[in-house]
Structure formats: C-alpha cells, structure tokens
Amino acid sequence: MNSNKITVVGGGTAGLISALILKTRFPQKNIQIIKSDRIDIIGVGEGSTEHFREFMKYCNITPQEIIKECDATVKLGVMFEGWTKVPYFHNIDDRIHSVKFGQYLASFGYLINQNYNQIETTNLSYKNNEIELSQLDPNNFLINQFHFNTFKLNKFLQKKCEEKNITITNDEIKKIILKDKNIHELRGEKSNYISDFFIDCTGFKRLLISKLNLKWLSYNDYLKLNHAIAFQTEDTENYNTYTLAKAMDYGWMWRIPVYGRWGNGYIFDDTLINAEQAKEEVEKLLNKKINVAKDIKFEAGALEKVWINNCVAVGLSANFVEPLEATSLGTSINHMFLLTHVLENYNQSMIDDYNNKINCIMENIRDFIFMHYMVEREDTLFWKKIKKITPPNTLREKLIKWNSRLPITDDFKETNYLLFFEKNWASVLWGLGLLDKNKIKKEYNSFSKDWETYCVSAYEKYKSSLNNLTLTHKKFLETWIIK
C-alpha cells in the first residue's frame, strides 16, 4: 500500500523524532504533526543512548546544536552505585571495546585475563568529570550520548521539523473515524484530518491505536517498579560525565546533569512504599527538602502489535519500561528506522515481520533491564522480593551460554535494530559478577599467543590515545556554548 500523506499525532519527543526521520527518508511525502498544547509531556526522560547520535547524523543535527540549544551535557555511560559491593560502569568505548577476534570480544577477554576490575577498564575521565580536549574538534567528536533538558529538546526538534517543511498543527483530537478497519479521519476541535497513514505518539493515552483492538503485554512478572517521582536540584560547579543510577531501599534513583541544573527521580515499587515515603527516603539521602515536579504511575510492558492496519504506535504509545539505561528515545528511533525500510508499498507480510522484530527489540530491553537486578543484596523487602523472581526464559537461555563464554554477535541475530548487543551485555555481566572468570580466562587462553600480542598492543594504543589535556565537563560545555 502507498502512504503519500502521513499524520503523526502527538508533539512530544517521540512524535517529533518520528516526523523528522520520515521526512528525511521520504522528502516527497506530506508529513504533518497534530499536537495539543493542552497535553503535558512526561518530560523526565533526560538521557539518551548512542542511538540518539545515529538519529542526529541521519537528520543532519550536530552535537554543537544539541549542546547549545538543549542544555545538553556529555554522557559517557551509566554508573551503578549500591547495586553491587563495588560500583560498576556501563560504558562502551569503541576505541578498545571493538577489538575482536572474529565475533569474540577479545578486549574483554584480555582485560578479564589480566585481572582488571570492570570499572578500571574504561575511559577514566569520569573519575574527575573531565572531557578530553581533542573532543573540541568537530571532526573528531567521539561522544555518542547526551543528557538534555527535554522541554528544550522538544522546542529544538520542533524547529527542525519546521525547517523541513513538516506542518505542525495545534489541535485536540476528539474523534477517530474508521473505514474498512483502517483509521480514515481524525476529527479535532479546529479541523478534520484525512490521511493515508498514522503514527500514534499520544503516550499512555494511545489515542489512535486503542481503536484497533490492541493487546497489552505486561512485564510486571519481571519488572516490579511502577511509580516514579521526579524533581530538580540546583546547579553545581561541575557535572558528572554519566547518569548516576543509585540503588535505594525500594528501587533506584537517577541523577542527571543538564546545563544549569540537575534532573533527579526515584523510581520504586508502590506496593511496598507510597510517593510520600519515597520522597522522605530521598530527602534523608540528600539531606535536604525536595519539591516533587512529577508523580508518575506506570506499568512496564509493550503492545503485542505496534503496527495494526494503517497505524503504527511509537514511543510511550507502544511500550514503556523503567528509565534504567534510558531506553525510551533509542526505542523510538530504532522503531522508526526499521519502519523506513518497509513503509513503501507495505503489505500484511511486512506488517507481521515488523511486529515480530519490534517484539524482539522489546524482549532484548526487558531482559537487559531485568539482568541489572540479579544482584546479591537482599537487605530490604524490595530486594528480597526481586531476588525470588525467575528470569524470563529468553534470558535464562542466554545466561546458560554466557556462564561458559563471553557473548558473541551471533547471540543477537533477531534484528540489527536491537538496542543492546554483545558489548553492552558483556560490560554489565562483568560489572554484576555474573561471568565465571575462570571459564572466561580459559576461553581467552585457548587463542594463539599471537592474538595476545595483538590485544596488548591494542590496549596500549588505546591508553596512549587518551588525551591527557582535558577540560572540566562544565568548562567543555561552555566552550561549545560560546562558539
């Protein structure tokens, strides 16, 4: 089927990203956004994964623009404190982590064989919250992840949509008209809208896709957190170069720096404590009062089918898991990238294949998030409760393999649009202590000694490549802002 006119409903980040990707891929198509200024955006997802950089490249958006216009800061990864006895850092630096023998993660094998701790093996600028001076060269900009003010990001993305001649209409949809099981017309307060194809980015309301017999698949059997409070704290002299994920008594707290302030939140299991108790726990930890800006209840899960007839759900309309590892933006981006390959002349076979691949993406996320909770601590009711949960079968099967060897590329062949591949899993498995180091060493030492020489050379080259000339994180950002 042809889709010459595409309507995106929803003006949040997912809607704006969807429209930009579609217009970049299909410049001749008529892409419009319908949004309502009366509907507030969630506005607490202030971190990205490396997939956001891919979106930026695709849509010709520069890091300088993001830093200048979105109060962005640099994100090198996620620091996990309190989950394990020693903090660990999920960070992928391709200057070292891409060293492989075929599919084998040679750098991980080498570092484990040398008895390094996981947190010692990555770019250590996070310790002093500094950025390598070489990163000021736009042609040598290696940073793939950012934190940003979501509201300013939305304003910036809206400007980019307008530059691409994407029509943005402020209206509130009141009625959806179906014809032959397809969405035919949207009736708003100000006007009516007929389109060939629709993207539902209306968040938890699922305004469009809910009219097409959707089915929700809950992840509650595995992911127990269902409530979050979000709040801001004052600016500081410098900023972390990472998202802090700090384990709490009944969940975990995020701390994210954006230029001029910090965004924070506590995500918890509200079958064990309520929002007021969560607030008190945070205040005790920070030793100061906080003002809760957002109080959000949710259920982790995903639609069984995100594409039904002539409608695709993207963003919170399609799925939601807790913000650990900042999967929300990356999921929306990869959903849309995948859609661009199959939207032209689509048929039911393509729809079915798309839905299957999206389900694989979500299983990959669900299992990756669940694995973070496979920790030894059981000092509160929450951690005791988590300890008793049996992992999903899809994860258990992989963990059996990884008890004897490192993850390899072939373990993730469902689709190239998964969010987390072998390097991500190896990093977190190592940090959690879920790898059998003796077996990993045996696997590594089964290779030729010539390969060890190669690994030593690669690691020394990596260390020497780290620029000793650095700026504090905040000074680095201000240099870009002045430019």
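Arg206 counts as buried, with 13% relative accessibility (buried means under 20% relative accessible area, exposed over 50%, partly exposed in between, with a 1.4 Å probe and protein chains only). The model is a predicted one, where local features need pLDDT of at least 70 and side-chain atom pairs count only at pLDDT 80 or more, while totals for chains, interfaces and linings use all residues. Residues are numbered from 1 along each chain as its sequence is written, and side-chain values use heavy atoms, with hydrogens and water left out.

Arg206 sits in the loop between strand 12 and strand 13 (216-218); helices (H or I, at least four residues) and strands (E, at least two) are DSSP runs, numbered from the N terminus. Its phi is positive, about 50°, although Arg206 is not a glycine. Most residues other than glycine have a negative phi. Asn115 also has a positive phi, near 65°, but Asn115 is exposed, at 54% relative accessibility. Look for Asn115 in the loop between helix 5 (106-113) and helix 6 (125-128).

Strand 2 (residues 30-35) runs parallel to its partner, strand 8, over 4 bridges, and Ile33 has Ile168 of strand 8 as its bridge partner.

Over in helix 16 (residues 473-482), the residues His473, Lys474, Phe476, Leu477 and Trp480 are buried. They lie on the same side of helix 16 because they cover an arc of only 160° around the axis, taken from the directions from the helix axis to the C-beta atoms.

Technical notes. Pairing = 2+ DSSP bridges.
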